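Dear colleague,

I am handing over the structure below, and after it you will find notes on what turned up in it. Please read them with the model open beside you.

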Amino acid sequence: MDLVGVVYMSRSTHPTVPLDLDRLLMDSRSFNSQRGVTGVLLFGGNQFIQYIEGLPADIEHVYGRIRRSALHSDLVELEQRRIPQRLFRNWFMGFRDAPRSVIQQLSQEQWTRETPRAEDHSAASPGMRQLMRFLDSVSTDER
């Protein structure tokens, strides 16, 4: 089964309060579960970094909705590639409040693979390794 993973970053279009994030997460979890898309959303310092994964058609549907959302702007795709398996099998939209320093570090990380092995999709990019290190360092209550 071909799966696709997408990482992007964007900036909130307005000051975001916890109630805004709760609404966003409830809506995202419902929508993503209908499409079979899983992933995680990081928020900190008015910036979002999100990773989503799923079947290509489902990712295109969810990612299209994300790109059209008025809740954020300045969307920059950091990585999109085929993946061998899901990293967030049970998270229709996990969430972590991330310190601004982590968001900045992830936004500057290299997201493409270091070597041009076009068919080796099992090798995580440096950015994905950094994202996983951050998630492993915080509580895993939502997993």
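This is a predicted model: local features need pLDDT of at least 70, side-chain atom pairs count only at pLDDT 80 or more; totals for chains, interfaces and linings use all residues.

A search of the whole structure finds four aromatic pairs, where rings of Phe, Tyr and Trp (its six-membered ring) pair if their centres lie within 6.5 Å, and where planes under 30 degrees apart count as stacked, over 60 as edge-to-face and the rest as tilted. One of them joins Phe 43 and Phe 48, a tilted pair with 4.8 Å centre to centre and 45 degrees between the planes, and both residues are buried (under 20% relative accessible area, with exposed over 50% and partly exposed in between, for a 1.4 Å probe and protein chains only). Another tilted pair is formed by Tyr 51 and Phe 88, at 5.8 Å centre to centre and 55 degrees between the planes. Since Tyr 51 lies in strand S3 and Phe 88 in the loop between S4 and S5, this pair ties together parts that are 37 residues apart in sequence; helices (H or I, at least four residues) and strands (E, at least two) are DSSP runs, numbered from the N terminus.

Residues are numbered from 1 along each chain as its sequence is written, and side-chain values use heavy atoms, with hydrogens and water left out.

Two arginines also meet rings: the charged end of Arg 65 sits over the ring of Phe 31, 4.0 Å from its centre, and that of Arg 67 sits over the ring of Tyr 63, 4.3 Å from its centre (CZ of Arg, or NZ of Lys, within 6 Å of the ring centre and within 35 degrees of the ring normal).

Helix H4 (residues 126-137) has 12 residues and reaches 17 Å from its first C-alpha to its last, close to the 16 Å expected at 1.5 Å a residue, the expected span being 1.5 Å times one less than the number of residues. Its buried residues are Pro 126, Gly 127, Met 128, Gln 130, Leu 131, Met 132, Phe 134 and Leu 135. What covers these residues includes strand S1 (3-12), strand S4 (72-83) and helix H3 (100-108), with contact meaning heavy atoms within 4.5 Å.

With regards
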